Amino acid sequence: MSEEIRRPRAPITEPDVLAWLETTAAAVQAGEVSAQELIDLLGEFRRASAACADASDWLLLAAREGGASLRQIAPVFGKGYVRAPAARLEKLHRQAQNADQWLAILRHKQTA
């Protein structure tokens, strides 16, 4: 028997967030969540959002290094043209030349 190679999955998905939001909204409407708890959650979500953006940048760099063309990448940016990923790559390349360097920057940010 051969081992099945598992494709990496995102740690959180849009349906996960929506399900959480529905549950949390119901708890808020029922008066079960305080304003301070909502503020704390807001902070967590903003940090998580920044982490997702960093991961997205790493994936963009890694995809290009893996041979993906800007035309292949463009649809995930929600546009049918290559300017959006090209501009993001240009900005990223001012900080890191490849995915490994970007990951090192992220590790350093986390420990700083």
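Author: The following covers helix α2, the pocket it lines and the helices it meets.

The model is predicted, so local features need pLDDT of at least 70 and side-chain atom pairs count only at pLDDT 80 or more, while totals for chains, interfaces and linings use all residues. Residues are numbered from 1 along each chain as its sequence is written, and side-chain values use heavy atoms, without hydrogens or water.

Start with the pocket. The largest one has a volume of about 890 Å³. A pocket is an open set of points on a 1 Å grid over the protein atoms alone, where a 1.4 Å probe fits, with protein on both sides within 12 Å along at least five of seven lines. Volume is the space filled by probe spheres set on the points, which are joined across faces, edges and corners. Lining residues have an atom within 4 Å of a point. There are 22 of them, and Ala10, Cys52, Ala55, Ser56 and Leu59 lie nearest the centre. Helix α2, residues 35-65, gives the largest share of the lining, 12 residues. Helices are DSSP runs (H or I, at least four residues), numbered from the N terminus. The lining divides into 17 nonpolar, 2 polar and 3 charged residues. Here Ala, Val, Leu, Ile, Met, Phe, Trp, Tyr, Cys and Pro are nonpolar, Asp, Glu, Lys and Arg are charged, and the others, Gly among them, are polar.

Asp54 is also in α2. Its relative accessible area is 16%, so Asp54 is buried (under 20%, 1.4 Å probe, protein chains only). Beyond four places in sequence, Asp54 touches Trp102, Leu106 and Lys109. Contact means heavy atoms within 4.5 Å.

Next, the crossing. The axes of α2 and α4, residues 83-93, come within 11 Å and cross at roughly 100°. Therefore α2 is roughly perpendicular to α4 (65 to 115 degrees). Axes are lines fitted to C-alpha atoms over the stretch in contact, and angles run from 0 to 180 degrees between N-to-C directions. From α2, Asp57, Leu60, Leu61 and Arg64 meet Pro85, Arg88, Leu89, Leu92 and His93 of α4. This contact has 5 nonpolar, 1 polar and 3 charged residues.

Helix α3, residues 70-73, holds Ile73. Ile73 is buried at 8% relative accessibility. Outside four places in sequence, Ile73 touches Leu60, Ala63, Arg64, Ala68 and Pro85.

Conventions. Helix = DSSP H or I, 4+ residues; strand = E, 2+ residues; numbered from the N terminus. Parallel < 35°, antiparallel > 145°, perpendicular 65-115°, else oblique. Buried < 20%, exposed > 50% of the residue type's maximum accessible area, 1.4 Å probe, protein only.
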